[in-house]
Amino acid sequence: MIAKIGIAAHSSISSEDHRKKAIEFVDEVYQRSVSEGIEVYLLLGGYWGIMKVAVDEAIRKGLKVILFPPLERESDVDYPKEAILIRTGMSMRGRSIPFVRSSEVLAVLGGSSGTFLEAIVAYAEGIPVFVLSNLGLPTDELKALSPYIDERRSTEIKIFEEPKKMVDGIFEHLRSKKL
């Protein structure tokens with residue numbers, strides 16, 4: 001089984017706790033992928049801030065990484081050679097749509113407007129949204145929209161305070177869809 005987990009995350013590192021929780025999330029994903037025999041691809045929108053923390057940890061663990069950098073950042077970042085780059089030719093906001101639509105689930109590891117936008121795109125596209133909350137970032141406010149943003153109920157937005165419980169929820173969802 002192959003699982004494509006999108007990670008929407010802040011373009012900076014808001015705190016040491018934020019960094020540690022991103023690493024813990026990736027470590028938990030790696031451990032679950034090994035124990036359950038699932039080939040995991042992590043999809044991200046760039047390689048800076050918390051995204052870079054997650055990518056570096058994923059590569060260190062041997063997970064596959066696919067990056068969707070925006071046109072504005074295609075050439076000013078030294079992307080890791082181990083990552084697959086999808087050069088969409090789209091702007092910062094535009095590239096969020098193919099990034100999110102290529103994911104089976106979206107893990108929100110805290111962020112601001114761009115991360116919030118990716119969570120909304122996932123919801124609108126029926127892609128389950130798993131949110132790491134209590135990070136002191138704008139995406140903490142997704143709690144107010146959980147579990148449904150609107151009457152369509154296209155998917156659920158699930159809120160977690162601990163990376164391990166969030167990964168448990170993600171893998172439970174992935175297993176339920178692969179049966």
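**Helix packing and the sheet**

This is a predicted model, and I will start with a pair of helices. Helix 1, residues 16-36, and helix 5, residues 163-178, have axes that come within 9 Å and cross at roughly 40°. That angle makes helix 1 oblique to helix 5. The crossing of these two helices is right-handed.

Which residues make up that contact? From helix 1 there are K21, E24, F25, E28, V29, R32, S33 and E36, and they meet P163, K164, M166, V167, D168, I170, F171 and R175 of helix 5. Sorted by class, the contact between helix 1 and helix 5 has eight charged residues, seven nonpolar and one polar.

Helix 1 also packs against helix 2, residues 49-61, at an angle of about 35°, with the axes 9 Å apart. This crossing, helix 1 with helix 2, is right-handed. On the helix 1 side the contact uses H18, R19, A22, I23, V26, D27 and Y30; on the helix 2 side it uses I50, V53, A54, E57, A58 and K61. By class, the contact of helix 1 with helix 2 has eight nonpolar residues, four charged and one polar.

Seven strands make an open sheet with parallel pairing, and the order is 4-3-2-1-5-6-7. Which strands stand at the edges? They are strand 4, 84-85, and strand 7, 157-160; each has a single partner strand, so one side of each is left without a neighbour in the sheet.

Helix 1 touches strand 1, strand 2, strand 5 (105-108) and strand 6 (129-132), and its direction makes about 155° with that of strand 2. Helix 4, residues 113-125, lies across strand 1, strand 5, strand 6 and strand 7, and runs at about 155° to strand 5.

Let me look at one strand pair in detail. Strand 1, residues 2-8, pairs with strand 2 in the parallel sense, over six bridges. Within that pair, K4 stands opposite Y41 in strand 2, and G6 stands opposite L43 in strand 2.

Last point: is strand 2 mostly covered or mostly open? Strand 2, residues 39-44, is mostly covered, with five of its six residues buried.

I can take questions now.

Technical notes
Residues are numbered from 1 along each chain as its sequence is written. This is a predicted model: local features need pLDDT of at least 70, side-chain atom pairs count only at pLDDT 80 or more; totals for chains, interfaces and linings use all residues. Side-chain values use heavy atoms; hydrogens and water are left out. Axes are lines fitted to C-alpha atoms, for helices over the stretch in contact, and angles run from 0 to 180 degrees between N-to-C directions. Helices (H or I, at least four residues) and strands (E, at least two) are DSSP runs, numbered from the N terminus. Angles under 35 degrees count as roughly parallel, over 145 as roughly antiparallel, 65 to 115 as roughly perpendicular and the rest as oblique. A crossing is left-handed if the near helix is turned anticlockwise from the far one by less than a right angle, and right-handed if clockwise. Contact means heavy atoms within 4.5 Å. Ala, Val, Leu, Ile, Met, Phe, Trp, Tyr, Cys and Pro count as nonpolar, Asp, Glu, Lys and Arg as charged, and the others, Gly among them, as polar. Buried means under 20% relative accessible area, exposed over 50%, partly exposed in between (1.4 Å probe, protein chains only). Two strands pair if DSSP finds at least two bridges between them.
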